[in-house]
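Colleague: I have a few minutes before my next call. Can you put the model up and take me through it?

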Amino acid sequence: MGAVARHFQISGEFIGATSYGSGHINDSYCAVFHEAGVPVRYLLQRINHGIFKNPAALMENIQRVTKHLAAQMADEPDRERRVLTLIPARDGRAWHVDGEGNHWRAYRFIENARTYDAVESTGQAFQAAKAFGHFQKLLASLPAPRLHDTIPDFHNTPKRFAALVEAIDADAAGRAILAKPEIDFVLKHQSIAGVLLNANLPERVTHNDTKFNNVMLDDATGEGICVIDLDTVMPGLALYDFGDMVRTTTSPAMEDEQDLSKVTMQFPMFEALVRGYLTSAGDFLTKAERQHLVFSGKLITFEIGIRFLTDYLAGDTYFKVHRDSQNLDRCRTQFKLVESIEQQEERMERLVQSLED
Ligand code: ADP
Ligand code: GN1
Ligand code: MG
């Protein structure tokens, strides 16, 4: 790690690095340098180029996005903690390629803030949603050209459905027999897959991976201080972001929880999300977008469940796993949450409606 870290424009002496975070895709490390005798932390990441096929395009997106965000934060107190800051490599580029062809980047470490894998309070849900809505709002003015699609069709649910059907047919890991109820669940819900794509919603610059653990909450104030994990920032629908907030922030259970009785859509969390999101995004959302807020939670939860199931059937080639049936467990929590949303859909719709009046 020292060899990698020294390729970035960081002064001081490299002390060490440890593996960091619980993301499913990239490898993150917290690296410590001594600068004038003081330990300073940096976040180093190896980009998963098996998944992000064009790391240069991805880094160009991140450079443009962070620069645009930073310019709008210029007058804010504590502005350096409100947007990710890339540390350039010594050759002046925004990233470093090592001898094995791995792409690395370094960020300034956001101190006195942290991410949570599971939500703990409605206040946290409100703050996360407000931060992601603010992120969308600031990026609405990103100058042309259009950002690169870092993963094409990332939230195209019908294509995710088709990929699952292929994985069932191929049954590469011989697991289809173990996932019959989950496969049936998807087939039964096929009709919802295309709804957002056919709802005439505007394309925006969106985050596309608004997991609760992709926003850092300030330790002292609880504020959603910085949106992180920018690899999938690209053109998308605002509701992809809101839907993924519902998926990851309304249930108190971990994504791979095996006790499904713990997985439930907690109405007060949903209410906090809607209120937080409307605080920052309320003035640009169209009527059609508002009308699909509840639906987007159901759809994105369904979609990510499909992706976990597809990866389970393919033999765990995409998401990092730490045990054998982890992707199936993740799929089950998603579908349990979809059911919980279905049971409360009318009440959720009434809430959104009441906030319109
Ligand atoms: P992944 O794509 O693997 O989810 P993330 O970019 O979300 O990677 O980073 C993984 C974890 O590292 C985050 O959940 C967060 O806790 C931490 N992290 C990421 N960026 C920073 C940063 N600039 N400062 C401090 N911690 C960070
Ligand atoms: C991955 O990188 P991470 O862990 O924040 C995935 C998301 C999924 C999520 C499920 C690039 O996100 O799309 O929703 O896992 N990211 C990519 O937890 O596929
Ligand atoms: Mg992440």
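Predicted model: local features only at pLDDT ≥ 70, side-chain atom pairs only at ≥ 80, totals over all residues.

Colleague: Start with ligand 2. How many residues surround it, and which are the closest?

Modeller: Ligand 2 is surrounded by 17 residues, and the closest are His24, Lys211, Glu255, Arg307 and Tyr318.

Colleague: Which polar side-chain atoms lie 2.8 Å or 2.9 Å from an oxygen atom of ligand 2?

Modeller: One belongs to Arg307, at 2.8 Å from a ligand 2 oxygen. Another belongs to Asp209, at 2.9 Å from an oxygen atom of ligand 2.

Colleague: And what about the backbone of His24?

Modeller: A polar backbone atom of His24 is 2.8 Å from an oxygen atom of ligand 2. As for area, ligand 2 taken alone exposes 440 Å², and the protein buries 97% of that.

Colleague: What is the make-up of the shell around ligand 2 by class?

Modeller: The shell around ligand 2 has six charged, four polar and seven nonpolar residues.

Colleague: Which helix gives the largest share of that shell?

Modeller: Helix H9, residues 293-314, with three residues in the shell around ligand 2.

Colleague: OK, ligand 1. Which residues are closest there?

Modeller: The closest to ligand 1 are Gln45, Ile110, Thr115, Asn214 and Asp229, out of 18 residues that surround it.

Colleague: What are the distances to its oxygen atoms from Asn213, Asn214 and Asp229?

Modeller: For Asp229, a side-chain N or O atom is 2.9 Å from an oxygen atom of ligand 1. For Asn214, a polar side-chain atom lies 3.1 Å from an oxygen of ligand 1. For Asn213 the atom is a polar backbone one, 3.4 Å from an oxygen atom of ligand 1. Ligand 1 taken alone exposes 550 Å², of which the protein buries 95%.

Colleague: Which strands supply at least two residues each to the shell around ligand 1?

Modeller: Strand S3 (38-47) and strand S6 (103-108) each do. By class, the ligand 1 shell has eight nonpolar, eight polar and two charged residues.

Colleague: Switching to packing. How many residues are in the largest nonpolar core, and which touch the most other members?

Modeller: That core has 102 residues, and Phe242, Phe270, Tyr277, Phe302, Leu309 and Leu313 touch the most other members. H9 gives the most to this core, with 12 residues.

Colleague: What does Phe242 touch, leaving out residues up to four places away in sequence?

Modeller: Phe242 touches Phe270, Leu273, Val274, Tyr277, Leu293 and Ser296 on that count. There is also a second, separate core of 14 residues, with Val4, Tyr29, Ile87 and Trp104 among them.

Colleague: Is His96 buried or exposed?

Modeller: His96 counts as buried because its relative accessibility is 11%, and the cut-off for buried is under 20%. His96 sits in strand S5, residues 96-97. Apart from neighbours within four places in sequence, His96 is in contact with Val4, His7, Phe8, Ala89, Asn102, His103 and Trp104.

Colleague: Now the backbone. Where is the cis peptide bond involving Pro145?

Modeller: The cis bond joins Ala144 and Pro145, with omega at about 5 degrees. Pro145 is in the loop between helix H3 (122-139) and helix H4 (157-170).

Colleague: Which residues have a positive phi without being glycine?

Modeller: Asp153 is one, with phi of about 60 degrees, and Asn208 is another, with phi of about 75 degrees.

Colleague: Where are they placed, and is each buried or partly exposed?

Modeller: Asp153 is in the loop between H3 and H4 and is partly exposed, at 38% relative accessible area. Asn208 is in the loop between strand S8 (204-206) and strand S9 (215-218). Asn208 is buried, at 3% relative accessible area.

Colleague: Last one, Arg79. Where is it found, and what does it touch?

Modeller: Arg79 is in the loop between helix H2 (55-73) and strand S4 (86-87). Arg79 touches Met73 and Ala74, not counting residues up to four places away in sequence. Arg79 is partly exposed, with a relative accessible area of 45%.

Colleague: How far is the C-alpha atom of Arg79 from that of Val246?

Modeller: The two C-alpha atoms are separated by 28 Å, and Arg79 and Val246 are 167 residues apart along the chain.

How values were computed: Residues numbered from 1 in each chain as written. Chains lettered and ligands numbered in written order. Heavy atoms only, no water. Near = heavy atom within 4 Å. Polar contact = N/O pair within 3.5 Å; in protein donor to acceptor, adjacent residues only side chain to side chain. Areas by Shrake-Rupley, 256 points an atom, 1.4 Å probe, with all protein chains shown as cover. Helix = DSSP H or I, 4+ residues; strand = E, 2+ residues; numbered from the N terminus. Nonpolar A, V, L, I, M, F, W, Y, C, P; charged D, E, K, R; others polar. Core = buried A, V, L, I, M, F, W, Y, C linked by side-chain atoms within 4.5 Å. Buried < 20%, exposed > 50% of the residue type's maximum accessible area, 1.4 Å probe, protein only. Contact = heavy atoms within 4.5 Å.
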